[in-house]
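User: Please take a close look at one helix pair for me. I would like a single connected answer.

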Amino acid sequence: RFWPACLLVVVSMMTTFSMSVLLPLYFEGAYGMTALVAGLLILPAIACNAVTSIAVSYTHLTLPTNREVGFALIAVGQTAISMTAASMNIGVVVALTVVVYAGVGLVLSPSQTAGLETLPAAEHPHGTALLNTWNMIAASFGPSLFIGLLSSSAATAGAAGAATDVAQAIGFAAAVRVAAVIAVVGFVASLVYARRESHMSH
């Protein structure tokens with residue numbers, strides 16, 4: 001039961017790192033913001049992520065529920081972002097980003113905990129090393145994938161006659177749309193994992 005938990009961690013880490021890279025590119029490219037302002041606009045989402053992560057630790061909510069709700073928030077938030085980003089409504093995008101990061105806070109720690117709990121205590125160091133390795137892989141692969149999608153979609157839109165800022169918004173929406181599909185896969189995986197956990201406990 002350890003490797004499915006690794007998969008859930010990878011999806012959540014891909015979401016975190018990818019959105020942290022894509023959002024500044026969107027704010028700077030579509031709205032002409034400075035890097036400082038673009039970074040500050042992500043701050044509310046980061047703060048919400050920290051709050052949900054702490055809440056999970058202190059309220060002792062059931063781990064399967066956290067994961068399912070978290071992936072649902074990620075998938076819904078990213079789908080909504082992909083549908084509204086091209087309309088250049090920055091307030092809506094920032095609000096939806098908070099939803100996405102709140103979902104990540106509900107997923108990441110519970111998935112890591114659930115994975116390690118499947119291992120004997122003597123194997124926890126090895127499990128932690130594997131999780132950290134997959135975290136770094138997700139942190140490398142996710143941004144590369146989504147920035148490539150953003151760039152190619154923006155180039156296609158620009159070639160079709162769209163203004164530079166609009167092309168950047170279209171590219172961002174396309175990249176987040178793919179991220180939402182991956183989040184749906186994570187949601188389905190979390191449901192399957194929760195069912196397996198329930199079956200094993202009985």
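In which hand, left-handed or right-handed, does α1 pass α4?

Analyst: This is a predicted model, where local features need pLDDT of at least 70, side-chain atom pairs count only at pLDDT 80 or more, and totals for chains, interfaces and linings use all residues. Residues are numbered from 1 along each chain as its sequence is written, and side-chain values use heavy atoms, with hydrogens and water left out.

The crossing of α1 past α4 is left-handed (the near helix is turned anticlockwise from the far one by less than a right angle). Helix α1 covers residues 2–31, and α4 covers residues 90–117. Helices here are DSSP runs of H or I with at least four residues, numbered from the N terminus.

Two packed helices are described by the angle between their axes and the distance between the axes. The axes of α1 and α4 come within 8 Å and cross at roughly 160 degrees. Axes are lines fitted to C-alpha atoms over the stretch in contact, with angles from 0 to 180 degrees between N-to-C directions. The two helices are therefore roughly antiparallel (angles over 145 degrees). By class, their contact has 19 nonpolar, eight polar and no charged residues. Ala, Val, Leu, Ile, Met, Phe, Trp, Tyr, Cys and Pro count as nonpolar, Asp, Glu, Lys and Arg as charged, and the others, Gly among them, as polar.

Thr97 is buried, at 3% relative accessibility (buried means under 20% relative accessible area, with a 1.4 Å probe and protein chains only). Beyond its neighbours within four places in sequence, Thr97 contacts Leu23, Ala45 and Ile81 (heavy atoms within 4.5 Å).

Conventions: Buried < 20%, exposed > 50% of the residue type's maximum accessible area, 1.4 Å probe, protein only. Parallel < 35°, antiparallel > 145°, perpendicular 65-115°, else oblique.
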